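Here is a short briefing for a first look at this structure. Take the surface first, then the helix packing and the charged pairs.

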Amino acid sequence: MTTMRMATERQGGAAGTDGVAGVTPGTALLAGPVLMAGYGVVRLAGRAVGDYGPGVWWTVAHLLFLAGVLAFVPVFLGLRGLAGERGSGRVACEVAAWTGLLGAAAVVVQAVIDLGAGFLAADREAMSEMFDRVQGVPGVMPLVYTVVPMLFWLGLLALVTLLAFLRRDLVRAWAPVLVLAGTVAMAVSLDLLPVGALCLGAALLPVRRGLPG
């Protein structure tokens with residue numbers, strides 16, 4: 001019992017080093033899904049009042065989305081620490097985590113472009129023209145909008161699936177199913193963003209007791 005407790009404390013200490021800018025993985029795990037759900041709610045509200053283009057609704061929604069994606073940086077780093085110190089499981093979790101972080105970087109760039117277009121464009125037509133110009137640059141579409149951003153979701157799903165086998169005490173067997181369901185929901189329609197984000201939160205919440213903060 002004492003040995004198991006000491007091992008858990010060592011792992012918790014290691015995970016504690018994975019905080020980013022003072023945000024611990026445990027806190028980020030709560031904040032990430034909530035911020036993404038907030039993005040979805042604000043987006044729906046802006047569309048409901050017919051004012052979701054350049055302006056307040058667009059800016060607030062994308063700031064929430066950007067913050068939500070950034071919150072997953074310490075989440076990825078914290079989750080990879082749960083795999084243990086060595087072994088093939090650790091290597092696989094490292095690959096999954098860094099794959100997710102690469103995707104997160106692409107999503108951050110996408111969010112920054114969306115925010116910039118919202119600030120600079122006078123109306124929806126002008127904003128659409130800006131997006132056309134940016135997306136017309138060779139390589140931008142796969143790197144920022146289509147291929148690389150998907151690595152965020154694939155990395156998260158792979159990491160949670162691996163931990164469901166390696167750390168059954170923290171990651172429930174149904175957690176990968178919820179992550180997949182949330183990812184599919186958001187891919188089907190952006191209107192389902194709040195539902196997808198809640199699925200991610202429900203899947204990850206039990207893991208929080210194994211993370212600092």
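Val184 is found in helix 8. Helices here are DSSP runs (H or I, at least four residues), numbered from the N terminus. The model is predicted: local features need pLDDT of at least 70, side-chain atom pairs count only at pLDDT 80 or more, and totals for chains, interfaces and linings use all residues. Residues are numbered from 1 along each chain, and side-chain values use heavy atoms, without hydrogens and water.

**Surface patch**
- Helix 8 (residues 175–188) gives the largest share, three residues.

**Helix packing**
- The axes (lines fitted to C-alpha atoms over the stretch in contact) of helix 2 (residues 25–48) and helix 9 (residues 193–204) come within 8 Å and cross at roughly 170°.
- That makes the helix 2 and helix 9 pair roughly antiparallel (over 145 degrees).
- Contacts (heavy atoms within 4.5 Å) include Leu29 and Tyr39 in helix 2, and Leu193 and Gly201 in helix 9.

**Salt bridges**
- The count is four salt bridges (a Lys or Arg side-chain nitrogen within 4 Å of an Asp or Glu carboxyl oxygen).
- Asp191 pairs with Arg43, with the closest N and O atoms 2.7 Å apart.
- Asp191 lies in the loop between helix 8 and helix 9, and Arg43 in helix 2, 148 residues apart.

Key: Axes are lines fitted to C-alpha atoms, for helices over the stretch in contact, and angles run from 0 to 180 degrees between N-to-C directions. Helices (H or I, at least four residues) and strands (E, at least two) are DSSP runs, numbered from the N terminus. Angles under 35 degrees count as roughly parallel, over 145 as roughly antiparallel, 65 to 115 as roughly perpendicular and the rest as oblique.
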